[in-house]
Amino acid sequence: MLRFYVLAFFVLLSLNGVASPRYSDPDGCLSCHAYQGLDYIDAEGVLRSATIDRSHYASSLHGSVPCKDCHRNTVDYPHKVENTEVDCSESCHIEEPSEGVKYSHDVIHDEMDKSVHAGGWYKGLTGGNRLEEIATEQDPSCRRCHSNTLYIAETQLANFKEAFDHAETECGNCHQGKAWMGQFGGHILRRLIGRRWNNQENNQMCIDCHGDVDKMRDVEQEDPDTLAKHPPSDRFIHSAASYAKTLHGRLIADGSEYGASCIDCHAPAGWKHEIRSYLDPLSASHIEQLPETCGQSNCHTYSKKAINSGFTETDMHDLSLLGLTAFTNPFVDDDLQQSPWFWSSWPLLLIGVVFMIGSLIWWLFFRTTKKILPVVGGDRFERVMIGRKPKAARKKAAVKKTLKPPVATEVKTQLAENGTDEKGA
Amino acid sequence: MQVIDKVKAIPKVQKFRYIMIFLASASLLGPLAFLPQLVGSDDLCGTLCMRRFYLYFPGMTWDDFFVHVNAAAVGVMAFGIILLTTLIFGRMWCGYLCPVGGLAELSSRMLNDRWKIEFRSLPQVQIRYGYFGFFLVAMPALGISACSLCNFITIPRLIEAMSGEYRGMVFLVSSVGLVNLGLLLLLGVFASKGRAYCQFMCPIGAADGLVNRIGANLPFAHRIRIAKERCTGCNVCARNCMCGAIKMVDKIAVVDQVSCMSCHECVDVCDWNALAWTTPPRHKINEPKRIKKNTEILPVPDWQAVHFHGGGAVTQEGGATKGPAVSWMSVFNAMILLTVVSIVIVGSFL
């Protein structure tokens, strides 16, 4: 009974003082959850906060959705943690004004069902304890990727406020009544001014899981034809690292708006959730679909031409760029291997040995050589570029020179000294 | 010390050139990578790539081309500046700045000549533009990524490997990395003068060479030029030319302007002042032939002629205030140089 009074007091307090029409809370959840310091320690031993900042929630995508529309199992108070799970595929209270149909995530549910991520925890589209999910589950739930964060960046908040103030006059000309503005005004504005994730953030979402090599080793892959389970390939395990080596990955890492993100190639169509195995003929990354995928919108449109078939076969997860499969552990000492200087010493050592041996041979045998010709191509250079005779002919000429009788040269010098000869006279 | 004497004997321009290559390498490659880091990249890939945007894919439209250009905007700008300076001053980027060819050249010069391979006598133009065409059209269509044979990846990664970066090591033991390393060693370090890769395989060098040749006869274009009547046919320049651009034809040196990098070494080694880095001559040369450097043919007179203008009596002081004659072409060229330099400086901060 005491509990009831306390609750009622808080409900009254919130209704009187703080609540504004924008932050509607018909289910009264915020009467407790608005409290600062509403913390508890969960089964994993993690301190978790159950405090909900009402302005924070209201400015999120689901800000205008009352709590119990999603947390349907929560009936009695105080509720249990298990009863708070959310089913994202349920239809919402929001009606499309044009069609009068209740909004639902069913389309995305269907897409997810076809994707490689269908299975495990996601079944029924629930989102539970995220830490537990990260530790134990291989497939992501909705909440793993859609964390319901602020859709309006802090830098754009001023813009949003200004536009929101004008919405009454501009949208309100046709959409009269506060109900519409309350339900859709903010939502539509958020879509107009609020920001979608850019390619970097999209990739980061995928890399959060797929970049974790140890985690990826434990994944069980499924053959699309036989449905047989098998351990993952090296290509799959190191997919994030090999993608980072491509021009696509580099451009996005540089902050460029060009460069294809993971989703751009793996789920280009529809609602971006239908990621299939590349062996599946319906997959966007299947070899027969690649010309279409690479040629989408204003990317490589020429890839649809048959003559460019080689282009689409360019490996976007080229393991040879990593060379990781060639890395076995030759030493037991882990610390030694972790030092980058250990690895970098090998090429330096190789180059050093070549230089040392070269210098030694040079010093031993060719110290006194005056004219140095390269062993390979040296003769051809003399012939073509300098215009000398070939080596054999040069040797012959040298031999002739040495065999010349000394008498002839004496006569010549005499002639030169005299300046005249018999004919001239 | 013999080594110090050898270093002292290096011609002035060559010392300058080596220092420039060293500085360019320090600012463009790791671990400093000063210039790449300005655009948020730590090597010469991504938005900095100068080598991929002009590939031709059959059926490509202009829109595709502009997408490629925009994707690597900084690299395209750098490429444009390189071609512009080449048109006016000769291949300055290749000879004085390029860290990729420059490092290979410097390391090759430290090795002894006996163990090097002489590539300079091969038919350069044919091989280079044959490969260039293959690089532009056939390789993209066949699906060989332009990046797989890119020396602009290999050198930065090699530096990374030396500095202990895991990424560089891993690249060098991969198949692509090994092929590139082999090309670098064979066509770079163990090639005579170390510029064989530039001569035969570098696509930027190929485009640059074309511009060099096209602009060679423009009145403001500086190139290495030969005064034929002064050439004695001693072939020192041909032996020292690192690009194999000088060939002895009928015992007179001839410069191939497609391959010449204007590195100035031939000018430094010529004893007869037969070569110079100048604009094309606009008058018939009427100078005594074959004057050896530092040789006085005629005694320099110890008197000075005083010129009087007709009409008024002009004093000697009046004549002196006129100052030296101004070469307006040099002023023009200096202005172009300063403009280009300022574009580079401003552009790198944008």
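Of the 425 residues in chain A of this predicted model, 17% count as buried, where buried means 20 or more other C-beta atoms within 10 Å of a residue's own, exposed means 12 or fewer, and partly exposed lies in between, with C-beta atoms placed from the backbone. Because the model is predicted, local features need pLDDT of at least 70 and side-chain atom pairs count only at pLDDT 80 or more, while totals for chains, interfaces and linings use all residues. Residues are numbered from 1 along each chain as its sequence is written, and chains are lettered from A and ligands numbered from 1 in the order in which they are written.

Chain A holds 22 helices and 8 strands; these are DSSP runs numbered from the N terminus, with helices being H or I over at least four residues and strands being E over at least two. Among chain A contacts between residues at least 6 apart in sequence, 45% join residues at least 24 apart, a contact being two C-beta atoms, placed from the backbone, within 7 Å.

A few backbone details deserve a look. Most residues other than glycine have a negative phi. Lys272(A), however, has a positive phi near 65 degrees. Lys272(A) sits in the loop between α15 (262–266) and α16 (290–294) of chain A, and is partly exposed because 14 C-beta neighbours lie inside 10 Å. In chain B, Lys193(B) also has a positive phi, near 70 degrees, in the loop between α11 (175–189) and α12 (196–200). Lys193(B) has 24 other C-beta atoms within 10 Å and so is buried.

Helix α11(B) also meets α7 (residues 99–109) of chain B: their axes come within 9 Å and cross at roughly 60 degrees. Here axes are lines fitted to C-alpha atoms, for helices over the stretch in contact, and angles run from 0 to 180 degrees between N-to-C directions. The two helices are therefore oblique to each other, the class left over once angles under 35 degrees (roughly parallel), over 145 (roughly antiparallel) and 65 to 115 (roughly perpendicular) are set aside. From α7(B), Ala104(B), Ser107(B) and Ser108(B) make the contact, with Leu184(B), Gly188(B) and Val189(B) from α11(B).

Strands β2 (residues 246–249) and β3 (residues 252–255) run antiparallel and are joined by 4 bridges, pairing being defined as at least two DSSP bridges between strands. Ile246(B) has Val255(B) as its bridge partner in β3(B). With 2 residues between the strands, the hairpin includes Asp250(B), whose phi is positive, near 50 degrees.
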